[in-house]
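I'm going to look things up one at a time and jot down what turns up.

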Amino acid sequence: MRAVTFLLIPIASLAMGASPTTASSSFDSVVKPLVSQYCLDCHNSSDSSGDIDLEWLQKRGQLELQDRATWERIVEKLRAGEMPPADEPRPTREQVTTLAGWIDQQIVSLDRDAKPNPGNVTARRLNRYEYDNTIRDLLHVQLRAANEFPPDPFGYGFDNIGDVLSLSPVLTEKYLKAAERISEAAIPSVKPVPSVAVRYEAEALRQIDRQQLQTLHDFPADGNYTLRVAWENAISDKSAMTVVWYLDGKQVASTPYMWTTLADRGVDTKGVRIPQGTHKLEVDIQTPPPKQGARGSSKPSIVRIQIDGPFEQAKREEMAGYKRIFFKGPPTAKNQAGYAREILTTLARRAYRRPVTEGDVKPLLNLANLVRSRGGSFEDGIRVALQAILVSPKFLFRVERDPPAGVEAQRINDLELASRLSYFLWSSMPDDELLMLAEQGKLREPASLRSQVRRMTIDPKAHALTESFAGQWLQTRDLESLTPDAKLFPDFDARLRDAMRTETEMFFQSIVSEDRSVLDLIDGRYTFVNEPLAKLYGIADVRGREFRRVELDGAQRSGILTHASVLTVTSYPTRTSPVIRGKWVLETILNSPPPPPPANIPSLDETRVGVSASVRQQLEQHRSNPVCAGCHSRMDPLGFGLENYDAIGRWRTTEGAVPLDSSGVLPDGRQFAGATEMKTLLKADAPRFVRALSDKVLTYALGRGLEFYDRPAIEEIANRVEQNDYRFSELITATIESLPFQQRSRQPLEAAKSVARADRKP
Amino acid sequence: MTRPLSRRTLLRGAGALIALPYLEAMSPIAFAATRRAAEKVARMMYVYAPTGMMPHAWTPTTVGTDFEFQRIMKPLEKFRNDITVISGLGNNSGNLRGDAGGDHVRAVASYLTGVPIKGREVRAGTSVDQIAARVLGQRTKFASLEVACEDSRLVGGCDGASCAYQTVSWKSPTEPLPPEINPRALFERMFGDLNVSSDPVERKNQQDYRKSILDLTLADTKSLQKTLGGNDRRKLDEYLSSIREVEIRLGKADSRSLDALPAGAGKPNGIPASYAEHARLMFDLIAIAFQTDMTRVSTFMMAREGGARPYPEIGVPEAHHPVSHHGRKPDLIEKLIQIECYHLEQFAYFVEKLKSIKEGDGTLLDNCAIVYGAAMGDPQAHDHDVCPTLVAGHANGRIKRGQHIKIEKQTPMANLHLTMLELAGVPTEKFGDANGKLDFLTGI
């Protein structure tokens, strides 16, 4: 059972250190009587309600390691006011604090005495993101085949957790289908792909009334494509306009156009050379600003786009995917038998991320030969063998070997380390250099590991850390699925959504590539904007879709908390939610997520907010209910601090007619007025933030939820970051050099299921 | 080759006209081989409505046969004699708090499993549809089809627990089945996910190669498994059983289902922009799957439990979940009723469709038992005590229809599931927290 909420215990109590002697002396005088008075009626050895029996505690006066997880649950329920139940006599607030504090201290001293344990990571199947990246690097084919897979389940805030990543028949079927699609893209048949026309309607893409439109499109082959756009509502004032096309964010065509008659409602490009693969295609109709005093405000709005092609298709021998596999060129009459073996050995070694054996290669060769025996070509045979590689568990799962019997923990081998590194930093397979070092057993030489980490961090593939780690940690990946109400927020469109995401990505990336202090995440006074975002932020003189760095004075914006992306994903479609925003701060910055609402208590009723009362007043009224107050008094005041930003992150000072009050208070009691002061306070508590961030990074790097025995590793990572000017690079290096990243224990400790299993009577 | 289909209906899909077989016109010849004439095939389905329903706008005020239809249920009024409304069933397991999870996540995962969830590890129970699928699915292409109109959240937790809980269907206590939301993907699964060549020789090759690949994968998985410890072995087990299932499915999928497609019929292009179109397209596909006996078991989620979908097309731009906390405000209650009624309208479309399809002496609806309901009661309270429930269809004439029945509050929902299993011809002794069956439903 993996059920440990890590770092529930305030860091402060760690720092203070809780001596067991103090604990035991306070036990008899304080804890024992409280437990007898409030708990023992139900949690005794005969009833042991909820499988919890506290009688033995009364006898022993201290906690035991195997009950650690259960004690965390107990303290959680105690703090949340769920226990004792509402219809039983309940302790006072002070008594709860005393009891919970005592348990905290006990847990801290348990952890201090626990022996080092690197933990055990369950075999991870590639998630969707890793699958696509791995295919890209393995075959040099740019397909987003995993878009067809069901969403990956999340655990501990990330989608790369081995324990949680399950596998269904549906996914297996899609693996098979993806393997066929990918292998056909990598090794096309000799026949050219037929030219077709594909349409995308603005209405279906939910991008109506816009001068821009964007979509993903599968371009089936390297070749020329004609890009066509149609619009309506054009005005015929003979003014010039330009239709600009972008492929994966880069301009590929620009067609000037002059309106002459109302009937002109479409324009085509000349053939545009586009490489095979799934690309993001955008079109933008650029019009001059309306003349002063011009009548009406009619603008062209795109109805559909159409993609015709491919024409003048490249020969398959010229395509990147083919060249990657057939690295000696097309087969000749003489070299076929040996060549097939070479090709499949190279492919399988890369795909399985380790040296291959005859047992790996022989069945693949047999498959290729079967195809040839049925009249297929050399390439056809390799294609089918490639399909088998792509559905093999050796490709789909990252498997590590347990230490041999009798050994509790040991270092993972170099090949396993290479995969851990590459999937941590790149979300993809090890490249040839990394794999070769690992095969030669040289990866762990001190100079070698450090220089590899440095090399990998500056490689463009390390953008994965931003996209995947930061996108999930900050929850900005959720932007894709959100639609703020179009009537209330007409400015929100696909382009602004992209801009929001890009801002946060570029900002995080700047911390990585400039090796800045991680504290800049909280209040770095610069950011990256393009025109749509600058308009939202009220920053003047920023034109066009290109992003540029701007310096900030910190009055309205600084750091991620005031990024529009974060403010939007923590809002409802029609309005802000201080509750969700507060929860976000607790989870992301303070690493202290509130427990879910207790049973049968309705979630906080924010919809009652009306014109007569502000959100704030309504929420304050709710917090008068003691059951809600436990958590909401921590969440809501943090959210209030961000009330100066509306549901898409625009600055405001009033809500409707009501002036906004953005003062609040941190869980530790420090008060603030507005977001800037809140950030100052959060930054002042740097140790806490650094530990929160280290916790998230280690979780992501390992692909497992953290356990209590990981706490020394977190402490060490955090200390190293603090001692090195909070540099991001130290966070990465310290994580990679930590015990849980370097080693593996046999199987997870089978933690005791409950404080008092029936067989554990005192 | 003679095309068994001469007519088709056109639906507007995402951005393109798509053609689907017009159901009634689908010649039974194409499927005669799959079904013996005398055999009465029972289909079981659960349609899930999220976030409870306004009790006063749902529950009929009188019991018995001549009850008046309240607002939410109004779209079904013309099918009065095809449905039975049951008041009093409670999703009691959803009330039990495990170690994590809010009211929503507990509601959805307990609904068809009859057990409380274990919050942090992803664990519930085997759901009623999957128990039925083990038997009813033996001779069909799909043991069951799970569909929905809304995906799980992309990032983060769902209501204090893993988002994996956001499904009603559980193949085993640790295997939640994620529903399919994309009509195109569903279509591909039904009519051929993989490319199928029109050349018979090539088709045979394709099948043989796939089989060889799957055999090799099975062997690889087994040999890899031998070297691994407990948790890793369990992960590989999931893959092993999935490959076996796909292998069986490929074996059953011959050219027949493709021949069933009309000439020129296209795939849906994606998810339609309009909710109603999306829901109806998914319902159409399930109707085809029932009609052609591709499956006999299905679950369908109208939207995600506790989800934030807005419905601007019916004048509700606010997210569903916050609206459900209506706080007794009349305007919010009104919006909530509109959403709930909107869901019912789509279901009524499905009922009508099933009723329009001839099967044997009667209609397809005659051979179905379909539950439409929610796993929570009053949206404001977020309780699970009296969950709105109705049963549509006749289950081969074994359902007593056209009535509203009131039973004791918090009668276990699992009692209904036991009854459904019996109606589907999969009699079962024990299920979840069931303490009996609903004899009134079958008592003719």
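This is a predicted model: local features need pLDDT of at least 70, side-chain atom pairs count only at pLDDT 80 or more; totals for chains, interfaces and linings use all residues.

Before counting anything: helices (at least four residues) and strands (at least two) are DSSP runs, numbered from the N terminus. With that settled, I looked up chain A and got 28 helices and 19 strands.

**Chain A overall**

I checked how much of chain A is tucked away. Of its 762 residues, 46% count as buried. Then I looked at who touches whom along the chain. Taking contacts in chain A with a separation of 6 or more, 72% are between residues 24 or more positions apart.

**Helices H9 and H10, chain A**

Next I picked a helix pair. H9(A) covers residues 336-352 and H10(A) covers residues 358-373. Their axes come within 10 Å and cross at roughly 125°. That angle makes H9(A) oblique to H10(A). I also looked up the handedness, and H9(A) passes H10(A) in a right-handed crossing.

Which residues of H9(A) meet H10(A)? I wrote down Ala340(A), Arg341(A), Leu344(A), Thr345(A), Ala348(A) and Tyr352(A). On the H10(A) side they meet Asp360(A), Val361(A), Leu364(A), Leu365(A) and Ala368(A). Sorted by class, this contact has eight nonpolar, one polar and two charged residues. The spacing of the numbers made me recall a rule: an α-helix has 3.6 residues a turn, so residues three or four places apart point the same way.

**Helix H21, chain A**

Is H21(A) mostly covered or mostly open? Mostly covered: ten of the eleven residues in this helix (578-588) are buried. Among the buried ones I noted Trp584(A), Val585(A) and Leu586(A), but Arg581(A), Lys583(A) and Glu587(A) are on the list too.

**A sheet in chain A**

I moved on to strands. Four of them form an open sheet in chain A, in the order E3-E9-E5-E6, with antiparallel pairing. The edge strands are E3 (212-219) and E6 (250-258), each of which pairs on one side only. From one strand to the next, the twist averages 20°.

I zoomed in on one pairing there. E5(A), residues 240-247, runs antiparallel to E6(A), and eight bridges join the two. Trp245(A) has Ala253(A) of E6(A) opposite.

**Helices H9 and H11, chain B**

Over to chain B for another helix pair. H9(B) is residues 275-291 and H11(B) is residues 330-356; their axes come within 9 Å and cross at roughly 30°. That makes H9(B) roughly parallel to H11(B), since angles under 35 degrees count that way. The crossing of H9(B) and H11(B) is right-handed.

From H9(B), the residues that meet H11(B) are Ala276(B), Ala279(B), Arg280(B), Phe283(B), Asp284(B) and Ala287(B). Their counterparts in H11(B) are Gln346(B), Tyr349(B), Phe350(B), Lys353(B) and Leu354(B). I sorted this contact by class as well: seven nonpolar, one polar and three charged.

**Strand E4, chain B**

Last stop. Why do I call E4(B) largely enclosed by the rest of the structure? Because seven of the eight residues in this strand (83-90) are buried.

E14(B), residues 389-392, runs antiparallel to E4(B), with four bridges between them. Ile86(B) has Thr389(B) as its bridge partner in E14(B). E15(B), residues 403-412, pairs with E4(B) in the parallel sense over six bridges. There, the bridge partner of Thr84(B) is Gln403(B).

Notes. Residues are numbered from 1 along each chain as its sequence is written. Chains are lettered from A and ligands numbered from 1 in the order in which they are written. Axes are lines fitted to C-alpha atoms, for helices over the stretch in contact, and angles run from 0 to 180 degrees between N-to-C directions. Angles under 35 degrees count as roughly parallel, over 145 as roughly antiparallel, 65 to 115 as roughly perpendicular and the rest as oblique. A crossing is left-handed if the near helix is turned anticlockwise from the far one by less than a right angle, and right-handed if clockwise. Two residues are in contact if their C-beta atoms, placed from the backbone, lie within 7 Å. Ala, Val, Leu, Ile, Met, Phe, Trp, Tyr, Cys and Pro count as nonpolar, Asp, Glu, Lys and Arg as charged, and the others, Gly among them, as polar. A residue is buried if 20 or more other C-beta atoms lie within 10 Å of its own, exposed if 12 or fewer, and partly exposed in between; C-beta atoms are placed from the backbone. Two strands pair if DSSP finds at least two bridges between them.
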